[in-house]
Structure formats: C-alpha cells, structure tokens
Amino acid sequence: MPIESLADLANPATAPRLVLKVGSSLLCGRDGTPNRDWLATLAQEIAKAQAGGQKVIVVSSGAIALGAAKLGLAKGGRGSLADAQAAAAVGQIALAGLWSELLGTHGLTAAQLLLTLEDLEDRRRYLNAAATLGRLLGAGAVPVINENDSVATQEIRFGDNDRLAARVAQAAQADAVVLLSDVDGLYDRDPKHPEATLLPRVEGVTEAVHAMASPTSGSGLGSGGMTSKLQAAEIATRAGIALAIINGTHERPLGRALGNDIGTVFTPTRRDRARKAWLGGRQRLKGTLVVDPGCAGALRKGGSLLASGITEVDGHFERGDPIGVRDPDGKAVAQGLAEYDSDEIEQIKGRRSEEHAALLGYAPRSAVVHRDQLVLL
C-alpha cells in the first residue's frame with residue numbers, strides 16, 4: 001500500500017518501519033538542559049507505535065548541546081571542531097542514558113549506534129550497519145542513532161541529522177522518515193509571510209520546491225534547516241521512502257501532526273533497487289564529469305556514459321570512485337562509479353570508442369560509467 005498522506009505514517013500496514021529524527025533545539029533548551037517533559041511525551045508515542053505493530057528507529061541530535069552545558073563550553077560547543085568533538089564525547093553518554101531511561105519506562109530497550117559519513121558511504125560498512133539495524137529491530141529494540149561527532153571531521157561528516165535519517169532509513173529498509181521541525185512543514189514561501197501556505201503533499205523535490213526553503217536553522221542549536229530537509233527528502237523518495245516534516249514543538253507531536261494532517265509529506269517518486277538507492281544517496285563525490293546535451297539526453301533515457309559525450313573532467317579520482325555528472329548548464333544529471341581514473345578520462349574524453357585502445361594502450365571498457373553503476377538524479 002503506498003503512503004499518500006500523513007495519516008498513512010501512523011498505520012503499521014503502510015509504514016511498518018519508521019525513522020523519527022529529533023533535533024537539538026527540540027531535545028535541549030538553550031542552556032543545554034534536556035526538555036525531559038517533552039521527551040517523555042515523545043517516548044510515550046514511540047511506545048504506542050511499537051505496541052501497534054510499528055518498528056521505530058530514532059535519529060537523535062543533542063549530544064554536543066548536552067556536553068557543552070556540562071563542560072561549560074561557549075557557543076553551545078560549536079565554537080571550534082575540537083570543542084564540538086569534546087562536547088559530543090561527554091554529551092553522548094547523557095543522550096544515550098536519557099533515551100534509555102525514557103523508553104525504559106514503557107518497557108522498551110534502547111540501543112545506541114554512532115555512525116559516521118564513511119560508515120554509510122562505504123558499501124561494506126553500509127551493509128554491516130544495515131544488518132545490525134535489522135537484528136535490533138527483530139529483537140524489539142529501539143535503535144537510537146547519532147552521527148559520531150567525536151571522530152567526524154568537517155570533511156567526513158553529514159553535518160546534519162536530516163540526511164543521516166534518510167540514509168539510515170535506506171539501510172533499515174524503512175517505509176517512512178519523520179523529521180521533527182520547529183515549523184509545521186514546507187510552506188510555499190517564508191512561513192512568516194502573511195500569505196504563506198503550508199503544502200500538505202509534495203511529489204518530487206524540484207528546483208521550484210528548493211526555492212521555497214530557508215537554508216538556515218532558526219534555533220541556533222541545530223546544524224540543519226529546510227534546505228537539508230529537502231535534501232533528505234530527495235534521498236528518501238528516490239529510494240521509495242516517504243518523508244514527512246512536522247512540527248515537533250508541541251507535546252505528543254506525532255499525534256498532533258499525523259492525527260490532524262498538519263505537516264508536509266513527500267511521496268516517493270520512484271523505488272530504486274538497493275544498490276542504486278545507495279549510490280543516489282551518497283554525499284561525497286570524488287569528481288565531476290561535464291557532458292554535452294546529447295549525452296545528457298541519452299543518460300536520461302537509461303544509457304551508459306560514454307567518453308564521446310564528455311567535455312570536461314573536474315577532480316582527481318580513481319577507477320571505482322563515486323563521481324557526479326552534470327550537463328553544460330551545471331545541472332546535476334546523475335552520479336555513479338567511474339570505470340576509469342580521471343587522468344585516463346582526460347585522454348579519451350570526446351573521442352569515439354574505436355580510438356580508445358590507441359590512446360590508453362589497452363583494450364577499453366564498455367563505458368566510462370556503466371548504466372548498472374549509474375543513478376539519475
């Protein structure tokens with residue numbers, strides 16, 4: 001049964017596995033103390049969902065904010081990378097204990113997983129994480145996941161838990177993601193505008209939809225904003241996973257939003273197979289190829305990427321590395337795994353296949369990126 005409305009997310013028949021993302025600004029006050037009363041109502045809702053037959057995974061921010069309060073660090077622990085890593089090391093213990101305590105009052109067992117970007121970008125580590133999630137859910141536990149901020153650096157981190165939640169949903173084979181925000185959902189313009197209209201349902205995250213988003217988080221505690229939520233929606237919906245944005249500032253936010261249809265649900269635009277969904281959700285690309293209009297059109301029709309259509313090579317990468325593909329206007333067309341090193345592609349770009357052997361000194365491969373290793377964006 002397809003998910004078409006917010007109410008479907010509360011139905012174990014349509015959403016047997018649900019990922020729930022909770023941000024720092026909801027979990028903590030500005031002084032870094034946890035909002036225990038609010039969290040208790042959310043834990044009650046999670047317990048109700050589990051009792052009704054749904055499996056719930058929690059992606060929870062808050063470690064840096066909690067740790068910064070304990071250590072007395074300025075700027076909520078975000079004054080420097082070292083401060084953030086130290087705050088996360090202290091705060092993650094408090095965060096895990098908080099969830100364990102609150103879920104435990106309802107007879108639920110919390111399990112902690114700390115993930116980095118590389119854990120979900122590397123195919124083998126991604127599958128290991130998926131197996132762990134599957135076993136925990138099968139055992140009746142509630143996985144509580146956060147980015148491992150104590151070891152993640154600026155270059156190897158998600159930077160926000162919205163996209164992490166979407167990637168976790170892929171790994172867990174979830175049916176839907178719910179992002180708790182400080183607004184009711186996506187509006188067609190700035191929510192402060194008197195004529196702003198809440199969009200109850202969105203099919204496909206287009207450029208026009210991106211234009212409606214605010215790029216920053218209003219609380220000052222989190223690292224995301226509406227832009228990161230739309231990026232998460234792109235990752236989820238390409239994999240056949242619905243994503244909802246609802247207001248988390250109320251007590252029992254799930255009941256309020258899903259029961260009264262207050263929020264925005266992004267319905268799946270397609271259902272890529274597991275490997276292509278993983279490819280499409282990757283955050284770190286090693287390089288980019290620019291292709292001519294004819295090549296871009298062929299890719300959109302399901303073709304492989306051939307050297308003859310490539311006009312530019314940007315970045316240094318090796319065979320097997322993830323790369324992006326853009327059209328002459330700079331619009332992202334696809335991403336996939338390269339069959340050649342970047343230096344080799346420089347030699348054969350714009351050249352026909354029959355010329356490749358002489359240029360490379362060995363028998364050429366069938367494509368620069370084969371269609372089986374390529375996903376359209």
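Is Gln92 buried or exposed?

1. Gln92 is buried, at a relative accessible area of 10% (buried is under 20%, exposed over 50%, partly exposed in between, with a 1.4 Å probe and protein chains only). This residue belongs to helix H4, residues 81–104 (helices are DSSP runs of H or I with at least four residues, strands runs of E with at least two, numbered from the N terminus). Beyond residues up to four places away in sequence, Gln92 touches Ala63, Gln112, Leu114 and Asn146 (contact means heavy atoms within 4.5 Å).

2. The model is predicted: local features need pLDDT of at least 70 and side-chain atom pairs pLDDT 80 or more, while totals for chains, interfaces and linings use all residues. Residues are numbered from 1 along each chain as its sequence is written, and side-chain values use heavy atoms, leaving out hydrogens and water.

3. Strand S2 (residues 55–60) is largely enclosed by the rest of the structure, because five of its six residues are buried. S2 runs parallel to strand S1 (residues 17–22), joined by six bridges, with Val59 as the bridge partner of Lys21. S2 is also parallel to strand S4 (residues 142–147), through two bridges (pairing requires at least two DSSP bridges); here Val58 stands opposite Val144.

4. The largest nonpolar core has 47 residues, of which Ile145, Leu243 and Phe266 touch the most other members (a core is a set of buried Ala, Val, Leu, Ile, Met, Phe, Trp, Tyr and Cys residues joined through side-chain atoms within 4.5 Å). Elements giving two or more residues to this core include S2, helix H6 (123–138) and strand S7 (242–247). Another core, of 40 residues, lies apart from it and includes Ile3 and Val56.
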